Amino acid sequence: MCSINVFYYDLKGEQKMEDCIFCKIANGEIGTLIYENEFVAAFDDLNPQAPVHTLIVPKKHIQNIEDLHFGDGEKCHHGEGTEHDGPCDGKYIKEIFKGIKEVARIKGVAESGYRVISNCGKDAGQTVMHLHFHLIAGKELGDKII
Ligand code: 5GP
Ligand code: ZN
């Protein structure tokens, strides 16, 4: 069994992936956004693990932290033979963290505190392959893993 990833670009030039639920939500095709700007969107988790459980995602389809590309100039370098011309993702990370702070304010938990988690890959149990940051809050969160 193999699957084919079909990418397309919306009118603003953002990379999306067909059949990706988070691309559709971030695009405003389905669901309800609680915050968005040009680069990121935030919406409440379908299966909340705390009184506040919101997901902050880039509008570009990036699979997870390992799929982020960084570079300082027009070209990106990720080691020997990996130079490419594609866009770099630093702006998404900046906007994600701005979005996290904004969501914390919208939800009224900036003062009381919150936890941010991003599962990356199999061992972390990532189930939706579109980069997302869980913001959980609204109660004492109990035992920490770290
Ligand atoms: P992961 O396990 O990949 O870190 O987290 C995926 C999260 O996405 C889960 O907490 C799950 O409840 C949530 N989720 C999955 N499908 C949907 C959906 O269609 N809408 C929303 N709002 N959340 C979803
Ligand atoms: Zn996606």
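Helices, of at least four residues, and strands, of at least two, are taken here as DSSP runs and numbered from the N terminus. In this predicted model, the chain holds 2 helices and 7 strands. Their order along the sequence is β-β-α-β-β-β-α-β-β. The chain has 146 residues, of which 23% are buried. Among contacts with a separation of 6 or more, 54% join residues 24 or more positions apart.

Helix α2 spans residues 90–106. Its 17 residues reach 24 Å from the first C-alpha to the last, close to the 24 Å expected at 1.5 Å a residue. Five positions are listed as buried in α2, namely Tyr92, Ile96, Gly99, Val103 and Ala104. Viewed down the helix axis, the buried residues of α2 fall within an arc of 135 degrees, and they therefore line one face of the helix. An α-helix has 3.6 residues a turn, so residues three or four places apart point the same way. Lys94 and Arg105, on the other side of α2, are exposed. The cover over the buried residues of α2 includes the strands β3 (35–36), β4 (40–44), β5 (52–58), β6 (114–117) and β7 (133–137). After α2 comes Gly108, which has a positive phi near 75 degrees.

Definitions and conventions: Residues are numbered from 1 along each chain as its sequence is written. Chains are lettered from A and ligands numbered from 1 in the order in which they are written. This is a predicted model: local features need pLDDT of at least 70, side-chain atom pairs count only at pLDDT 80 or more; totals for chains, interfaces and linings use all residues. A residue is buried if 20 or more other C-beta atoms lie within 10 Å of its own, exposed if 12 or fewer, and partly exposed in between; C-beta atoms are placed from the backbone. Two residues are in contact if their C-beta atoms, placed from the backbone, lie within 7 Å. The expected span of a helix is 1.5 Å times one less than its number of residues. The arc is that of the directions from the helix axis to the C-beta atoms.
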